[in-house]
Structures are given as structure tokens and as C-alpha cells.
Amino acid sequence: TPQSGLENGTPGQINRYADFSNGSRYTTVAGPNLNNWTLSVWFKKPFATSTNHSSRYYVIGSVGTKGDLLYLDRNSSSGAYQWGVYDQNGSTEPGTFRFSTLSDAWHHMTVVASGSTTSLYIDGNYVDQVSIKTSGSVSYLGASVDNHGSSSNGQSFGTQLDELKLF
């Protein structure tokens, strides 16, 4: 269910996109319960700036009451928009890939959580892996369980998303 003024528009990469560039935008989801899972989505760079997205973190989706499927840290010490995973137990592990290295255009991202790891693919290429995985019942897409819908510190993914699939 779209929340906080979530808008859509054209052209997306395939058809219409959902606009998560405002930090308070997100959508609620009823389940599924994830163990091993894959997320596939088109996203558009550049990401929103602090003008309408004041949070340090940009989150693609979350599970339960704690845990992010994938987050981007725009203020990381090793470079802007470094990715990572925050699991349902409160542990976090940043990867080494930086989304700031990508051109300002549409890109395809696939995130694969299997066994005890999460792997990241960009535009069909394997780019990184962390030795942590989030599992549980999906609660939000396009945002974190932390501060979802907050106009002052919302943690949406901070850009346009298209063709998001989670299985």
C-alpha cells in the first residue's frame, strides 16, 4: 500500500516508476516470510540530496521490526553511497562497493541472500558480497522500518524505482 504521498510517473525504465526520492515515501507490504531470497529492481541515479532526503541512510526494504534488505550509507568513511546489510538481530556489515561509482542513469540491481551471505549484482555483473543476511517477514518496500514516513529523517531509497520484484 503506497504511503506518504508515494507518486509514480513516466518514463520509467520499463513503463511507470515509483518515486521514493522524498525520504518519507514508502509502501507497506504484508509478508512474505523470507529466508533465502532475491530482490530485482531498476533504480535511477542520481539519488536525492539532503534537500528532500535528510537521512544518512537510503533503504530498499525491511523485515519485521528490525532489519534492512539493503541500505546505502551516503556518509560512509570509505566513500559515498556504500552498500550494506542490517539484519533482524541488529548486526550490520558494510560492503565495499560504492554506488557513487555508477553513472547518472537507470541501473539494474539484483540482491541475492542465500545461506549466510548477501550478494550484490549491478547491471548483470557481480560486484560484492557480505557475510550477513536479513530474514523474516517483509514489512516495507522502499524504506526502512526505522523512521519510515518521517518527514525529518525518513529512510526511503531516495530515487525512482521500477519493476521491483522480491522472491
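I take a polar contact to be a pair of N or O atoms within 3.5 Å, where within protein one must be able to donate a hydrogen and the other to accept it, and where residues adjacent in sequence count only if both atoms are side-chain atoms. The model is predicted, so I kept local features to pLDDT of at least 70 and side-chain atom pairs to pLDDT 80 or more, while totals for chains, interfaces and linings use all residues. Residues are numbered from 1 along each chain as its sequence is written, and side-chain values use heavy atoms, with hydrogens and water left out.

Entry on threonine 110. I found a polar contact of 3.5 Å between the side chains of threonine 110 and histidine 108. I placed threonine 110 in strand 11, residues 106-114 (strands are DSSP runs of E, at least two residues, numbered from the N terminus). I noted threonine 110 as buried at a relative accessible area of 18% (buried means under 20%, exposed over 50%, partly exposed in between, with a 1.4 Å probe and protein chains only).

Entry on the salt bridge. I looked for a side-chain nitrogen of Lys or Arg within 4 Å of a carboxyl oxygen of Asp or Glu, and the count came to 1 salt bridge. I saw that the side chains of aspartate 104 and lysine 45 form a salt bridge, at 3.9 Å from N to O. Aspartate 104 lies in the loop between strand 10 (92-98) and strand 11, and lysine 45 in the loop between strand 6 (37-44) and strand 7 (57-63), so the pair ties together parts that are 59 residues apart in sequence. I recorded aspartate 104 as exposed at 55% relative accessibility, but lysine 45 as buried at 8%.

Key: Helices (H or I, at least four residues) and strands (E, at least two) are DSSP runs, numbered from the N terminus.
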